[in-house]
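Here is a short walk through one protein model. We begin with its surface and end at a single residue.

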Amino acid sequence: MPKNDALESMDSAELGILEEFKKEFKNLKEMGFIDSRRFHDTGIGKTAEDLLGILENNEGTADYKGLIELKSARELSEAMLTLFTKSPDPKGVNTIVRKTFGYFDAEFKDMKILHVTFTADKFSNSKKGKFGFKLDINNNNRKIFVKIKNIKNGNIDSSVSAFYPFDNLKSIIEHKCKYIIFISAERKKQDGKELFKFNKAILLSGLTFNKFLNFLESGIIKYDFRLGVYRTGKKIGKTHDHGSGFRINKNDLDKVFIINDIT
């Protein structure tokens, strides 16, 4: 596992921000088990960000002082790490994709949903659907297209165009993925609540846009649609776009990033 490369390339201002984070995370670790600030999967991230004084944002800047993007996961969790979420262009195309290529929800039978993870190296079929999905990296047009295939006849469906311009993705990677701190926490259930004890943080760096494209082509970086439905609360039965995004298995982190232990 590479060491020190990221720290040696940081300027004095960046190193100062990293040192501030280390101090704040040390205090967080010393708090022991803490009640989750939110139910379900996003509870760990929300809890860490609240205690570090970070406001939720969907802007182009990184979470911590505009430099470091924070990611969190429960220890022993097999879930993939989300690098970033962004809906494809044009605006509103996710709704068209869901209605056209999705499948009916088992509980809300009049609502179509679509959950599928796929790559740029081969087609992946949605579990209950009739379509296969694949990313198509088009260097000439400088766009990444979502390619959709009819499983029954093998034909590519060209009725819907969903894509990502290179420049948009390059900006995200340079501003939100330059430095990522991945936080892991022990969890336990107590009196019906989920509690977290934050134990470890590692710094991930070294991802460039060209490397991003290469890892997409090889299938290491994956993409998924998470277009579901609210199952509880005021919006129950309505569409819930969990965020179309680019993700990576945790055991592939050292293939993509320079990793530095910082705690």
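The accessible surface of the protein comes to about 14000 Å² (Shrake-Rupley method, 1.4 Å probe). Carbon and sulfur atoms hold 48% of that surface. The model is predicted: local features need pLDDT of at least 70, side-chain atom pairs count only at pLDDT 80 or more, and totals for chains, interfaces and linings use all residues. Residues are numbered from 1 along each chain as its sequence is written, and side-chain values use heavy atoms, without hydrogens and water.

Now the overall form. The C-alpha trace spans about 55 × 50 × 30 Å along its principal axes.

Next, charge. There are 46 positive side chains (Lys and Arg) and 36 negative ones (Asp and Glu). The centres of the two sets lie 6 Å apart, with each charge placed at NZ of Lys, CZ of Arg, CG of Asp or CD of Glu.

Finally, turn to Thr82. Strand β3 (residues 81–85) contains Thr82. Is Thr82 buried or exposed? Thr82 counts as buried because its relative accessibility is 18%. Beyond neighbours within four places in sequence, Thr82 is in contact (heavy atoms within 4.5 Å) with Lys71, Arg226, Phe246 and Arg247. The side chains of Thr82 and Arg247 are also joined by a polar contact of 3.2 Å.  Such a contact is a pair of N or O atoms within 3.5 Å; within protein, one must be able to donate a hydrogen and the other to accept it, and residues adjacent in sequence count only if both atoms are side-chain atoms.

Definitions and conventions
Helix = DSSP H or I, 4+ residues; strand = E, 2+ residues; numbered from the N terminus. Buried < 20%, exposed > 50% of the residue type's maximum accessible area, 1.4 Å probe, protein only.
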